[in-house]
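Reader: Hi! I'd like to get to know this model a bit. Could you walk me through it?

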Amino acid sequence: MSELLNFNFPSEPTVERVTLFADVILPLPLPRLYTYRIPLEMNDEVLIGARVIVQFGAKRVLSCIVADIHENAPEEYQAKYILDVLDDKPIVTAPQLKLFKWMAEYYMCTIGEVINAALPSALKLSSESRIQLHPQYNPEEDELILAAQEEKIIYALQQNQSLTFTEVGNLLQLKSYHKFIKSLIQKEAIIIFEQISDKFSPKVVKKVRLSEHFVQEEGMLEELFNQLTPKPKQLDVLLNYLQRVPVHQDVNQNYKGIEKNVLTNNPHLSVSSVNSLVKKGVLEQFDQVVSRFPMDVEAQQLPMTLSEYQEKAKDEILGLFKEKDTVLLHGITGSGKTEVYIDLIKHALEAGGQVLYLLPEIALTAQIVTRLMKVFGDKLGVYHSKFSDNERAEVWQGILSGRFQVVVGVRSSIFLPFHDLSLLIIDEEHEASYKQYDPAPRYNARETGLMMAHLQRAKTLLGSATPSIESYYNCQTGRWGLVSMTKRFGKAQLPDIELVDTRDEQKRKNMHSHFSGKLLTAIEERLQRQEQVILFQNRRGYAPFISCDECSWIPKCKYCAVSLSYHKYNNELRCHYCGYHERMPHDCPACGATTLKSMGFGTEKVEDELKLMLPKAEVQRMDLDTTKAKNSYQQIIADFENGKTNVLVGTQMVTKGLDFENVSLVGILNADTIINFPDYRAHERAYQLFVQVSGRAGRKGKPGSVIIQTRDPLQSIFRKVRNNDYQSLYEHEIEERMRFSYPPFVRMIRITIKHAEEDTSENAAIVLAKDLTDRLGKQQVLGPEVPYIFKIRNLFLNEIHIKLPRSNTNLRAAKDQLSQAIFNLKLLPDFKGLRVVVDVDPV
Ligand SMILES: Nc1ncnc2c1ncn2[C@@H]1O[C@H](COP(=O)(O)OP(=O)(O)OP(=O)(O)O)[C@@H](O)[C@H]1O
Ligand SMILES: [Zn+2]
């Protein structure tokens, strides 16, 4: 595979008339690249990193990326011709291709899977792709010079709204019709969209401006004033317009106009006068399509000067960057890391490079984007999965064209087409959400980011108040630089942390459902003082399961080995693994009793009960269920920021990096499920979670407090959290990792074997484990074992863990062995229908 993936980047375009071949990456999980022949007339047009259209299989026509161009015909098959060239410039850059290749090798997947994850769908075309008229193109009015075929397409689109590529081909009766589509896209007459649901719907605002001749021709404006004197209401409208758009100072300002509703919503102006002026032709009304990424936000430098500590940290980072490529900024919650990042980004942009700022979660981007917009204006691009395909394609193209020099985004941003990255920031670097579980590539954006930075010779700054053990270890061994900030910004102090023993409280009848008396009183106090509260519970839904009081029946998922969670708002039982749902039964299907009780509690119940107990409080919830819609994150965060809500209840979404100045109390409702998680990282995770969520309190001057409810307050983790003692957590953890051979001392690979038959799954796992033991040695192979959740989506699971020494040569060899073993396993007739999932560095 690696030979086939060898990319060459010829520095000069080929001009001779030789027969050329292109190796292409199809967006499919294929184990290797395919070679196509380049038609002679396209010799100069096919470029590495650009898209071409090819036929794959008997029927499929799709776009793919050219990875290499050479003169060697494939030996095993007759190369088909490339049908068309889509781009006249590469849309995937040279360092990106190298990164994708590395990802495929490192994470043991195909490069097609990587490309598939990387490209926004709007850049992936197939016979099913659709085109529509460009929303700003008006065939009746806009004079474009179109070829006859192009006119035909436009005409058909006017009749039909949209066409698939296949339909375009049929319409033109041509095999190579893509060039017409391409040309129409370039002329901005059409756009491509992947699904009807994704159809590009631009935001349009109604605007007005003065008709041009009043502005351009001498004396016209005075005359207009005279004309309008008998109509004082219309005159008012005109004066108001001129106040907002001082055309006498700068005539060009008129062109932009203002939004019409600025005039019509003004209580001092009459709507009918505005409309009369439009009718008379004094005001000209027009529609403007506003980009989803506002272009006219001017960068406005905020007067944020770094504190002495921040300045010192920044200088240390820059100093370390002279010797090291990677630096970890370990700054406590609220120490002001973001401002240090912003300063470093400015620095990097001034030197002319590109910057990527990675965040683990969309919820976080909302706040940070506002902060960054103010400083970087329209140089800033934002990238995450709540954007539509077209929006994502717009960011992709904007990076290629140089429009966006700094991008803030979640893990998938590491796929973006940077070519001159100079700084990569990985905020909250300890976050597990940087890792993609499913589907392949199962990559970690932190590790991939580091590789990306390495390939582009960029510097990487990772930041966290609770660094991952692996990262801190890298600093201890001297591979990375370490910079610390140990004080909160300004006068803010770390909050006081109080433990409440729920077992004890229960005995004293001091528990009100899931709230201790102490927590309730504390919440009430904050409400009286007009301060805000964040409550954290690690489960969404109303209750993790329900059970019959009579017969103990518990509803389970039909397809997975888990109980169904109860969601009250739609009275449903839901599987959090496969999405299966059913109505909550009225009585027990097993015994008929009407005594179904919900057990345990999730965020929905916390919200519900709080509203009952404290009816005056405005409570809002932030979890997966309340943030499905595109802008719901922003709304919830904005409501909390503006003080519209007093209490924010949420899952781990509320714990990360959010910055609210008025929060003086944080409550953790049930710490125990977090600590008692069966995983070697449980301790580290619990520490990170408690410290992060506590860190939301008391960020701006006002003292903050934290109440943690637990049945076992004597656990050592709480002492570390209360003392903010990362050092002792690290020392304890790193010793255990060394003793029991866990990362960072070894690399782990998890192999999950899936089959519809329980026995087949188990047998296959035994055979594979045996083979792997033979190949890699006994020490290296753990399992097979049946995971706690042993069935998901009707497939029975078995797991094998592999631990490998850290040296790179061994790693590659071991992975080859692993691939071989899996390949052989799947060939065995007993194991038909077997699925094997390989997860490198699982988290
Ligand atoms: N130089 C500065 N001038 C004014 N305000 C600042 C400055 N630096 C930080 N702040 C304010 O201090 C608060 C905390 O800063 P910030 O959010 O960057 O902390 P952080 O280190 O990222 O914390 P966390 O790890 O909890 O996310 C913010 O409200 C921020 O606006
Ligand atoms: Zn299920």
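Reader: Which residues come nearest to ligand 1?

Author: Thr333, Gly336, Lys337, Thr338 and Phe489 do, out of 20 residues around ligand 1. A residue counts as near if its C-beta atom, placed from the backbone, lies within 6 Å. This is a predicted model, where local features need pLDDT of at least 70, side-chain atom pairs count only at pLDDT 80 or more, and totals for chains, interfaces and linings use all residues. Residues are numbered from 1 along each chain as its sequence is written, while chains are lettered from A and ligands numbered from 1 in the order in which they are written.

Reader: And which helix gives the largest share of that shell?

Author: Helix α13 (residues 337-350), with three residues. Helices here are DSSP runs of H or I with at least four residues, and strands are runs of E with at least two.

Reader: Switching topic: what does the UniProt "binding site" annotation cover?

Author: The unreviewed entry lists Cys557, Cys560, Cys575 and Cys578. They are spread over 22 residues of sequence, yet cluster in space, with a largest C-alpha distance of 8.6 Å. Such annotations may be inferred rather than shown by experiment.

Reader: Is Cys557 buried or exposed?

Author: Cys557 counts as buried because it has 25 C-beta neighbours inside 10 Å. The cut-off for buried is 20 or more other C-beta atoms within 10 Å; exposed is 12 or fewer, and partly exposed is in between.

Reader: What about Cys578?

Author: Cys578 is partly exposed, since 15 other C-beta atoms lie within 10 Å. Cys578 sits in the loop between β25 (572-574) and β26 (581-583).
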